[in-house]
Amino acid sequence: MNQNKEIYDCVIVGGGCAGLSAALLLGRGRRRVLVCDKGNPRNAWAHESHSFFTRDGISPHELLSIGRDQLKPYKSVEFQAIGVKEIKPSGNQFGEELAKLSLSTN
Ligand SMILES: Cc1cc2nc3c(=O)[nH]c(=O)nc-3n(C[C@H](O)[C@H](O)[C@H](O)COP(=O)(O)OP(=O)(O)OC[C@H]3O[C@@H](n4cnc5c(N)ncnc54)[C@H](O)[C@@H]3O)c2cc1C
């Protein structure tokens, strides 16, 4: 990823259940999406996840792994194991509002 030049329709900060769900929806709508995820979901220490339709009792790790796999057919969606430190407005280009991200690898 060239951090200075890539332009996305949407950047999702966090690739947990919520972020991956949003990425799937946007990918199906052919939006160019970057998912940035630091990889520490709040339920990381739970052995089972319950009450999710068709997946009752699944390990949270496996649930996210399936979620990431199901994004792979959507080529406009990119997943990066990376943290977002800061988001700043960076003016506009061709009338569109842009934002610039500061990224970290931890
Ligand atoms: C002990 C425990 C048990 C639970 N059991 C259940 C259950 O059985 N069933 C259920 O439905 N729910 C359960 N939950 C709630 C469950 O955690 C949520 O349903 C689910 O994890 C929420 O998903 P999320 O995507 O909102 O957040 P998270 O899963 O927390 O994911 C957020 C992601 O964003 C990343 N992130 C955050 N900030 C940044 C940043 N600046 N840059 C990059 N990445 C970032 C994090 O690293 C993380 O990977 C449980 C929660 C806990 C704590």
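Two strands are said to pair if DSSP finds at least two bridges between them, and in this sense the bridge partner of Val-35 in strand E3 is Phe-79. The model shown in these views is predicted, so that local features need pLDDT of at least 70, side-chain atom pairs count only at pLDDT 80 or more, and totals for chains, interfaces and linings use all residues. Residues are numbered from 1 along each chain as its sequence is written.

**View 1. Overall arrangement of the protein.** The secondary structure comes to two helices and five strands, where helices (H or I, at least four residues) and strands (E, at least two) are DSSP runs numbered from the N terminus. Along the sequence these elements follow the pattern β-α-β-α-β-β-β. Of the 106 residues, 14% count as buried; a residue is buried if 20 or more other C-beta atoms lie within 10 Å of its own, exposed if 12 or fewer, and partly exposed in between, with C-beta atoms placed from the backbone. Among the contacts with a separation of 6 or more, 42% join residues 24 or more positions apart, a contact being a pair of residues whose C-beta atoms, placed from the backbone, lie within 7 Å.

**View 2. The open sheet of E1, E2 and E3.** Three strands form an open sheet in the order E1-E2-E3, with parallel pairing. The edge strands are E1 and E3 (77-80), each of which pairs on one side only, and the twist averages 15 degrees from one strand to the next. Angles run from 0 to 180 degrees between N-to-C directions, and axes are lines fitted to C-alpha atoms, for helices over the stretch in contact. Strands E2 and E3 run parallel and are joined by four bridges.

**View 3. The crossover from E1 to E2.** Strand E1 pairs with strand E2 (residues 33-36) in the parallel sense over four bridges, and Val-13 stands opposite Cys-36 in E2. Between these two strands the chain passes through helix H1 (residues 17-28), and this β-α-β crossover is right-handed, a term that applies if, with the strands pointing away from the viewer, the path from the first strand over the helix to the second runs clockwise. Helix H1 lies across E1, E2 and E3, and runs at about 170 degrees to E2.

**View 4. The shell around the ligand.** Of the 22 residues around the ligand, Gly-14, Gly-16, Ala-18, Pro-41 and Asn-43 come nearest; a residue is near a molecule or strand if its C-beta atom, placed from the backbone, lies within 6 Å of it. The elements that give two or more residues to this shell are H1 and strand E4 (83-93), and H1 gives the most, with three residues. By class, the shell has eight nonpolar, eleven polar and three charged residues, where Ala, Val, Leu, Ile, Met, Phe, Trp, Tyr, Cys and Pro count as nonpolar, Asp, Glu, Lys and Arg as charged, and the others, Gly among them, as polar.

View 5. Asp-9 lies in the segment before strand E1 (10-13) and is partly exposed, with 13 other C-beta atoms within 10 Å. Leaving aside neighbours within four places in sequence, Asp-9 is in contact with Arg-31, Arg-32 and Val-33. The C-alpha atoms of Asp-9 and Ser-76, 67 residues apart in sequence, are 9.9 Å apart in space, while those of Leu-98 and Asp-9, 89 residues apart along the chain, are separated by 9.5 Å. Leu-98 is found in strand E5 (residues 96-104) and is partly exposed, with 13 other C-beta atoms within 10 Å.

Conventions:
Contact = placed C-beta atoms within 7 Å.
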